[in-house]
Amino acid sequence: MEERTRLYLARHGETTTSSEFRYVGHMDVDITENGVEQMKSLRDRLMNEDLHALFSSDLLRSRKGAEIISSIHEIEPMAHADFREINLGIWEGLTREEIIAKFPEDYERRLQDLAYSSIQNGESFKDLQVRVMKRLSVILNEWKGKNIVLLAHGGVNRVILFDALQLDLQLLPRIDQDYGCLNIIDYYDDGPVVKLVNG
């Protein structure tokens, strides 16, 4: 039987800036009480899974979720800066309305070229995908044949899913990633199989 490496790919819980629809990117924001409950639900969903490793980004909203999940598994969470959300440069901390008002041309340009357009001092989604997949590939190789969890971010999860499905990054908004959601990807020698999206 071909060896399978299973990735449980999850998004952090609701953040303290979620209701304001702010672009937080690399900003370090906490999760709300509702976000904590979402992480507890995810923990309970994974309770009976045989997990071997648990990774997160080094941002608080991701690390906090990983700590909640690890509370019932004897696994020490490992945080990596490579799994941070996309760097939104000078847009960080602004709402969509504020961005449109201050940077209308840049906003329109990004919509037209979502994959390769980057904000000043920030990244494009292609930059994000390269950064994330470089680290994830190392982890998948190191933990081949095991079950691993990655507690990350909406943008990070999407570029991983799009890599697995070999989809055009311009179509990123077509896959949703709710707070506390779970995706499952099985990796085999001949390629990945996506088992669950935004569960």
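These legends describe close-up views of a predicted model.

**View 1. The largest pocket.** This pocket has a volume of about 910 Å³. Its lining is made up of 31 residues. Closest to the pocket centre are Arg11, Tyr23, Glu85, Phe125 and Arg158. Helix 4 (104–112) and helix 6 (154–165) each give at least two residues to the lining. Sorted by class, the lining holds 13 nonpolar, nine polar and nine charged residues.

**View 2. The pair of Tyr23 and Trp91.** The ring centres of Tyr23 and Trp91 lie 6.3 Å apart. Their planes meet at 85°, so this pair is edge-to-face; the cut-off for that label is over 60 degrees. The two residues are 68 residues apart in the chain. Tyr23 sits in the loop between strand 1 (5–11) and helix 1 (33–45). Trp91 sits in the loop between strand 3 (78–80) and helix 3 (96–102). Tyr23 is partly exposed, at 24% relative accessible area, whereas Trp91 is buried, at 3%.

**View 3. The pair of Trp91 and Tyr107.** Here the ring centres of Trp91 and Tyr107 are 6.1 Å apart. The planes stand at 35°, so the pair counts as tilted. Trp91 belongs to the loop between strand 3 and helix 3, and Tyr107 to helix 4. The two are 16 residues apart, and the pair links distant parts of the chain. Tyr107 has a relative accessible area of 12%. That value is under 20%, so Tyr107 is buried.

**View 4. The aromatic cluster.** How many aromatic pairs are counted? The count is two. Tyr23, Trp91 and Tyr107 form one aromatic cluster.

Technical notes:
Residues numbered from 1 in each chain as written. Predicted model: local features only at pLDDT ≥ 70, side-chain atom pairs only at ≥ 80, totals over all residues. Heavy atoms only, no water. 1 Å grid on protein atoms, 1.4 Å probe; cavity = no way out; pocket = protein on both sides within 12 Å on 5 of 7 lines; lining within 4 Å. Points joined across faces, edges and corners; volume = space filled by probe spheres on them. Helix = DSSP H or I, 4+ residues; strand = E, 2+ residues; numbered from the N terminus. Nonpolar A, V, L, I, M, F, W, Y, C, P; charged D, E, K, R; others polar. Phe/Tyr/Trp six-rings, centres within 6.5 Å; stacked < 30°, edge-to-face > 60°. Buried < 20%, exposed > 50% of the residue type's maximum accessible area, 1.4 Å probe, protein only.
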